[in-house]
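Please take a moment to look through the structure below before reading on.

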Amino acid sequence: MTMTDPAVDPGTDAAAPSAGARTADLLERHRAVMPRWQALYYADPIALSHGEGRHVWDVEGTRYLDFFGGILTTMTAHALPEVTAAVQEQAGKILHSSTLYLNEQTVELAERIAELSGIPDAKVFLTPSGTEANDAALLMATVHRRSNQVLAMRNSYHGRSFSTIGITGHRSWSPTSFSGLQTTYVHGGYRLRSPFRDLPDGEYTAACVADLRQLLDMATSGDVACLIAEPIQGVGGFATPPDGFFGAMKEVLDEHGILFVSDEVQTGWGRTGEHFWGYQAHGITPDLLTFAKGIGNGLPLGGVVGRADVVDAIAGNHISTFGGSPLVSAGANANLRYLLERDLQGNAKRVGDRLRAAVQPTVDGTPWIAEMRGRGLMLALECVHPGGIEPDPARAAALLEATKDRGLLVGKGGLYGNVVRMAPPLTLTEAEADEGVALLLDAVRSID
Ligand code: PMP
């Protein structure tokens, strides 16, 4: 049962085609003009018209509780008045000035990010996306270290560009193996399908560290530039290594002067509840940290923050025309201020724990859910065939449909498309969490 409010679509008027026809028409036009590989969710895709708080409405007037936030991007809330006002005010002044001119909003944003990063005397380079943030981090690390050798995690995702595909340890997102980078893939991010999975935490970490040592000796020629890793793998299905894992890896990296790049595109800004950044679960400070998604609450913004000597290693000119424009910086400043003033990290911990506790008994009692992973407001269910861990993407797809039919939007992911991901805006209330859990569990029960 979905909640339908035909009055909510502001675009509807008497002369317009019926709402259902509008979605069908849009789908046909979309398929004709968009690339084949740009997938839409659901057997009957939906077109979102507007949002408010943690809810969105489609053009047919159906309301959904949003547990995916446009792929972990609506960080605070939909149509947050503070962000809307900041964007409107800035839009009335100047949309764009380029990096050639000083801009108050951009400098203020960079100062705030540098301070929040936990990296001493950090510098910040702003970009329009997470892909470009990682591309820039790779450039900085490889130039600084004078090496094109890079370590990445198995099951990783870092972006869609030619360079970031070269560090993607995930078959579905690797359309080419051509790359200027020499990448070696490291064990450990995705424990459920690791050969070391049955070991207790400490031994699991030790086995991965031993493998890293061997990889450096056997699969590289030394002088590796960096290890880039997501503290919790996003696209990879919120795969979460034990706490301290990257701290143990970094001890080996430090022996060789190899930089550590933390890709916090999904894990940043307090989403994991216990920590503001994912790296903080590992007792280390990264040399470079990349971010995007949530910081702009939907405005196109990403970037790299890191050690000044590494960021400044790029010789010659280097700019991003759109990176950190006055418009997106104004919105991001308002968004970040809201997040910090209301301790949304604390809310992510509190409400995330509540969500997890309410879902866990069903996970324990459902033979086709292997495990629940993640932390804070970043939780995933991995769907398998009962009796083992053979991936079951059909059940994940069925769960996606069943949640939608009940008025709940969740996401999909995982190496085999068999993981259902939940990552609502960080303002999620307890009542909304309970509502979402009820819809989710009803959807789980509806599947064999
Ligand atoms: N890194 C991670 C961890 C991501 O999840 C993503 C996007 N899913 C990216 C990088 C790329 O970001 P964007 O899509 O903004 O280019």
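An oxygen atom of the ligand is 2.7 Å from an N or O atom in the side chain of Gln266, which is a polar contact, meaning a pair of N or O atoms within 3.5 Å, where within protein one must be able to donate a hydrogen and the other to accept it, and residues adjacent in sequence count only if both atoms are side-chain atoms. The model is a predicted one, in which local features need pLDDT of at least 70 and side-chain atom pairs count only at pLDDT 80 or more, while totals for chains, interfaces and linings use all residues. Residues are numbered from 1 along each chain as its sequence is written, and side-chain values use heavy atoms, with hydrogens and water left out.

Two further side chains reach the ligand through polar atoms: that of Thr131 lies 2.5 Å from a ligand oxygen, and that of Asp263 lies 2.8 Å from a ligand nitrogen. Taken alone, the ligand exposes 390 Å², of which the protein buries 84%, the areas coming from the Shrake-Rupley method with a 1.4 Å probe, where for residues only the protein chains shown count as cover. There are 13 residues around the ligand, and Gly130, Thr131, Asp263, Gln266 and Lys293 come nearest; a residue counts as near if one of its heavy atoms lies within 4 Å. Helix α5 (residues 130-145) gives the largest share of this shell, three residues, where helices (H or I, at least four residues) and strands (E, at least two) are DSSP runs numbered from the N terminus.

Salt bridges, each a side-chain nitrogen of Lys or Arg within 4 Å of a carboxyl oxygen of Asp or Glu, come to a count of 24. In one of them, Arg342 pairs with Glu82, and their closest N and O atoms are 4.0 Å apart. Because Arg342 lies in the loop between α10 (326-341) and α11 (344-364) and Glu82 in helix α3 (residues 81-91), this pair ties together parts that are 260 residues apart in sequence.

Which loop holds Ser98? Ser98 sits in the loop between α3 and α4, and a polar atom of the Ser98 side chain lies 3.1 Å from the backbone nitrogen of Leu100. Although Ser98 and Gly324 are 226 residues apart along the chain, their C-alpha atoms are separated by 8.7 Å.
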